[in-house]
Amino acid sequence: MCFRETVSKVPVILREHFARALLVFSLCHLVSGYSDRDRADELMSKYPLIDGHNDLALKLRMLYNNSLNQIDLNNVSKAATDISRLRTGHVQTQMFAAYVLCGAQQKDAVRLTLEQLDVIRHMCTENQDFELVTTAQGLIDSNMRNKIACLISIEGGHSIDSSLPALRMFYQLGVRSMSLTHSCNTPWAESSSKLYNTFLKRESSLTHFGKAVVDEMNRLGMIVDLSHTSWGTASAVLNYSKAPVIFSHSSSFSICNHSRNVPDELLLKLKKNEGLIMVNLYSPFIACSNKANISNVADHFDHIKRVIGAESIGIGGDFDGAESFPQGLEDVSKYPAIIQELLRRNWTENELAGVLRKNFLRVFEEVENVRDQLILRKPSEEYIPLEHVQNTCRWVFRRPDFSSKAEQRSLNLLVLTLVLLLSSLFWTD
Ligand SMILES: [Zn+2]
């Protein structure tokens, strides 16, 4: 018996019910499929993303030698970030990292950092879509003007060459966040990476000078970033900092046990600090492999929410700093896919508004409040002990010691005068 014959034997009324049910199911599927993405876009239009970490400036250095004349920032095909894709991805604020490689530590890290700050500032001030912003209120205002706000961060404490005056001058240039290390230890804080073995542990994971750096960042209103630091350093800073801190681009160690990710015990300290972890999307941190998908990403969000609540979570994509991203999250235009997946997992609008925007704003505002409370504190005059930096390139200014040389010179002059006088006397005789 063929299928058509079988169907023809089913009563007409049942066939009609079945057809109607099928139609309703298909419509529901179509509508719900559409509305998930639609809801994500709608939500992100209302609460556009503040993203914690992007390395476009590094790409500009590596690919174009920082020559902005060579590219159209609306469409940078060799990078994962450009203006049109930031717009599609509803990214309203991007923290752009000024990063220089650890190899420059103790050499020309400060000059290279200045050059990276220069290119970010040019990019953000000479382009009508961008706006350079340095305050929490500035982020809110730039959203009202439909601009993409640029916040500047420094990635790696080696950029300040163990100098608080250098840190303060970077602040003056618009830097509002700094991660204490990258893949190398500094003389005052430890990295999560074992790539470089210089400046190993001293009296603690955060030395006396390291504490002075945190104090000065608190005083200035610069956000302390613990991504890339060792857990020991992160723990010490979480105990010490007066202001909330962030992990600008790190994920959950419980979901993927990579040393760049954050273990639950540090998450609990972060909650106490009222800080923020901005989930990194790099596949090896998401799935501990080069292959990852959006569901793996959402697992990090779910876990962190379970441990410390949605109010402690943000997003720090790490685009253009890394190469391997989950399927469906290949560039900055794809952020709505994360929100779509979290909506599917029953995250509320309120929770997602926090993840996208409000949590970071709360932390930034609190960092500014702490700065205001410390207004009477003078700039720190703490200097790192010379034996900690062990750098022959480091010039040490000291008052020249003229006294002994000058004395020697006048003594020589006196002897010479006496000899001349005596010889002229003998000559006369
Ligand atoms: Zn990084």
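Buried residues make up 45% of the 429 residues in the chain. A residue is taken as buried if 20 or more other C-beta atoms lie within 10 Å of its own, as exposed if 12 or fewer do, and as partly exposed in between, with C-beta atoms placed from the backbone. The model is predicted: local features need pLDDT of at least 70, side-chain atom pairs count only at pLDDT 80 or more, and totals for chains, interfaces and linings use all residues. Residues are numbered from 1 along each chain as its sequence is written.

The secondary structure comes to 16 helices and nine strands. These elements are DSSP runs, numbered from the N terminus (helices: H or I, at least four residues; strands: E, at least two). Contacts were assigned where two C-beta atoms, placed from the backbone, lie within 7 Å. Among contacts between residues at least 6 apart in sequence, 74% join residues at least 24 apart.

The largest nonpolar core holds 108 residues. Such a core is a set of buried Ala, Val, Leu, Ile, Met, Phe, Trp, Tyr and Cys residues joined through C-beta atoms within 7 Å. Ala57, Ile120, Cys150, Val237 and Ile277 touch the most other members. Helix H14 (residues 349-373) gives the most to this core, with seven residues. Beyond its neighbours within four places in sequence, Ile120 is in contact with Ala57, Phe96, Ala98, Cys150 and Ile152.

Ala57 is also one of the buried residues of helix H3. Asp55 sits in the loop between S1 (49-54) and H3 (56-64). With 24 other C-beta atoms within 10 Å, Asp55 is buried. Its contacts, neighbours within four places in sequence left aside, are Ala97, Tyr99, Asp320 and Gly321. Asp55 and Asp318 are 263 residues apart in sequence, yet their C-alpha atoms are 6.7 Å apart in space. Just after H3, Asn65 takes a positive phi of about 50°, although Asn65 is not a glycine. Asn65 lies in the loop between H3 and helix H4 (83-88). Asn65 is exposed, with 9 other C-beta atoms within 10 Å.

Two helix pairs were examined. Packed helices are described by the angle between their axes and the distance between the axes. Axes are lines fitted to C-alpha atoms, for helices over the stretch in contact, and angles run from 0 to 180 degrees between N-to-C directions. Angles under 35 degrees count as roughly parallel, over 145 as roughly antiparallel, 65 to 115 as roughly perpendicular and the rest as oblique. A crossing is left-handed if the near helix is turned anticlockwise from the far one by less than a right angle, and right-handed if clockwise.

Helices H7 (residues 164-172) and H8 (residues 208-220) pack at about 25°, with their axes 11 Å apart. H7 and H8 are therefore roughly parallel. Their crossing is right-handed. Leu164, Leu167, Arg168 and Tyr171 in H7 meet Ala212, Val213, Glu216 and Leu220 in H8. By class, this contact has six nonpolar, no polar and two charged residues. Here Ala, Val, Leu, Ile, Met, Phe, Trp, Tyr, Cys and Pro count as nonpolar, Asp, Glu, Lys and Arg as charged, and the others, Gly among them, as polar.

The axes of helices H9 (residues 231-240) and H10 (residues 264-273) come within 10 Å and cross at roughly 25°. H9 and H10 are therefore roughly parallel. H9 passes H10 in a left-handed crossing. The contact is made by Trp231, Ala234, Ser235 and Leu238 of H9 and Leu266, Lys269, Leu270 and Asn273 of H10. By class, it has five nonpolar, two polar and one charged residues. His228 lies in the loop between strand S6 (223-225) and H9. Its phi is positive, near 85°, in a residue other than glycine. His228 counts as buried, with 27 C-beta neighbours inside 10 Å.

Cys288 lies in the loop between helices H11 (283-286) and H12 (294-308). Cys288 is partly exposed, with 14 other C-beta atoms within 10 Å. Cys288 touches Cys256, Asn257 and His258, not counting residues up to four places away in sequence. Cys288 and Cys256 are 32 residues apart in sequence and 5.6 Å apart in space, C-alpha to C-alpha.

Helix H13 (residues 335-344) is mostly covered, with seven of its ten residues buried. These are Tyr335, Pro336, Ile338, Ile339, Gln340, Glu341 and Leu342. Just after H13, Asn346 takes a positive phi of about 70°.
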